[in-house]
Amino acid sequence: MKVYGHPASTCTRKVICALTEKGVDYEFVLVDIMKGESKSPEHLARQPFGVVPVLEDDGFVLYESRAILRYLNAKLGGLAPTDAKDLGVMEQWISVEQSYFSPPAMKAILEIFFAPMKGTTPDPKVVEEGKAGAAKALDVLERALAGKQWLAGSFSIAEITYAPYLQYLVDTGLGDIVKERPNVAAWWSRISERPSWQKAIGKAR
């Protein structure tokens with residue numbers, strides 16, 4: 001398998017985490033999004049929307065990180081529950097992440113990350129709006145995680161989809177909204193300590 005991506009990309013990190021969970025050897029092909037390489041004709045032929053990652057598996061090409069994660073589970077197993085109810089719950093939480101958590105979280109994260117590159121300071125209103133939206137989703141997770149280690153019975157794609165955004169909240173100084181919620185904080189600790197996640201963020205081989 002080949003993964004076309006960038007090590008700082010949230011969605012690339014999801015795919016690396018999943019492949020590492022399954023112990024799959026893969027070739028990482030750097031697409032330097034900071035230099036605009038994701039908009040090159042070569043990459044657009046793989047991913048017509050000009051983003052990363054892209055998975056190539058013996059000539060089969062697939063983009064969109066959540067689709068890639070589901071494909072890897074279908075092919076390799078072990079990344080999603082087999083019980084119908086647990087599977088439904090997993091899909092529910094993936095949908096919550098995509099609709100209610102990652103958009104506001106990334107609003108705040110990107111403001112903090114890119115403002116200095118533009119020679120400006122982050123707009124506190126934008127940061128606060130994003131942070132408040134992410135916190136609202138985390139309140140729902142806090143209640144759902146009471147008495148549970150994982151969202152859907154076992155570590156699954158659901159955890160993988162949340163991980164990059166939780167990581168960047170912590171890395172950009174917004175981690176208080178994670179730490180203030182004990183169930184979420186403990187859950188994030190379990191995710192972040194996994195060797196597969198450490199590999200995804202470049203802290204383990």
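Which loop holds Pro53? Pro53 sits in the loop between helix H2 (41-44) and E3. The legends below begin with the whole model and then move to single residues.

**Figure 1. Overview of the predicted protein.** This is a predicted model, in which local features need pLDDT of at least 70, side-chain atom pairs count only at pLDDT 80 or more, and totals for chains, interfaces and linings use all residues. Residues are numbered from 1 along each chain as its sequence is written, and side-chain values use heavy atoms, with hydrogens and water left out. The protein has nine helices and four strands. Helices (H or I, at least four residues) and strands (E, at least two) are DSSP runs, numbered from the N terminus. Along the sequence the order is β-α-β-α-β-β-α-α-α-α-α-α-α. The C-alpha atoms fill a box of roughly 50 × 45 × 30 Å along the principal axes. The radius of gyration is 17 Å, which agrees with the value near 17 Å for a compact globule of 205 residues. That radius is taken over C-alpha atoms, and the globule rule is 2.2 Å times the number of residues to the power 0.38.

Figure 2. The accessible surface of the protein comes to about 10100 Å². Carbon and sulfur atoms hold 54% of that surface. Areas come from the Shrake-Rupley method with a 1.4 Å probe; for residues, only the protein chains shown count as cover. Of the 205 residues, 46% count as buried. Buried means under 20% relative accessible area, exposed over 50%, and partly exposed in between (1.4 Å probe, protein chains only). The protein carries 25 positive and 25 negative side chains. The centres of these two sets lie 2 Å apart. Lys and Arg count as positive, Asp and Glu as negative; His and the chain ends are not counted. Each charge is placed at NZ of Lys, CZ of Arg, CG of Asp or CD of Glu.

Figure 3. Domain 1 covers 2-76 and domain 2 covers 84-194. The contact takes 13 residues from domain 1 and 16 residues from domain 2. Contact means heavy atoms within 4.5 Å. The domain bounds come from an automatic or database domain assignment. The C-alpha centres of the two domains lie 22 Å apart. Across the protein, residues 24 or more positions apart account for 63% of the contacts with a separation of 6 or more.

Figure 4. Val24 lies in the loop between helix H1 (10-21) and strand E2 (27-30). Val24 counts as buried because its relative accessibility is 19%. Val24 and Met1 are 23 residues apart along the chain, and their C-alpha atoms are separated by 8.3 Å.

Figure 5. The peptide bond from Val52 to Pro53 is cis, with omega near 10°. Glu56 is in strand E3 (residues 54-57). Its relative accessible area is 22%, so Glu56 is partly exposed. Glu56 touches Met1, Lys2, Tyr4 and Val61, not counting residues up to four places away in sequence. Glu56 and Arg46 are ten residues apart in sequence; C-alpha to C-alpha, they are 9.2 Å apart in space.

Figure 6. Asp58 lies in the loop between E3 and strand E4 (60-63). Glu64 is found in the loop between E4 and helix H3 (65-76). Asp58 counts as exposed, at 78% relative accessibility. Glu64 counts as partly exposed, at 43%.

Figure 7. Leu166 lies in helix H6. With a relative accessible area of 0%, Leu166 is buried. Leu166 touches Phe101, Leu138, Val178, Trp187 and Trp188, leaving out residues up to four places away in sequence. Leu166 and Met106 are 60 residues apart in sequence and 10.0 Å apart in space, C-alpha to C-alpha.

**Figure 8. Close-up of Gly175.** Gly175 is in the loop between helix H6 (157-171) and helix H7 (176-179). Gly175 counts as buried, at 7% relative accessibility. Beyond residues up to four places away in sequence, Gly175 touches Leu169 and Val170. Gly175 and Pro195 are 20 residues apart in sequence, and 21 Å apart in space, C-alpha to C-alpha.
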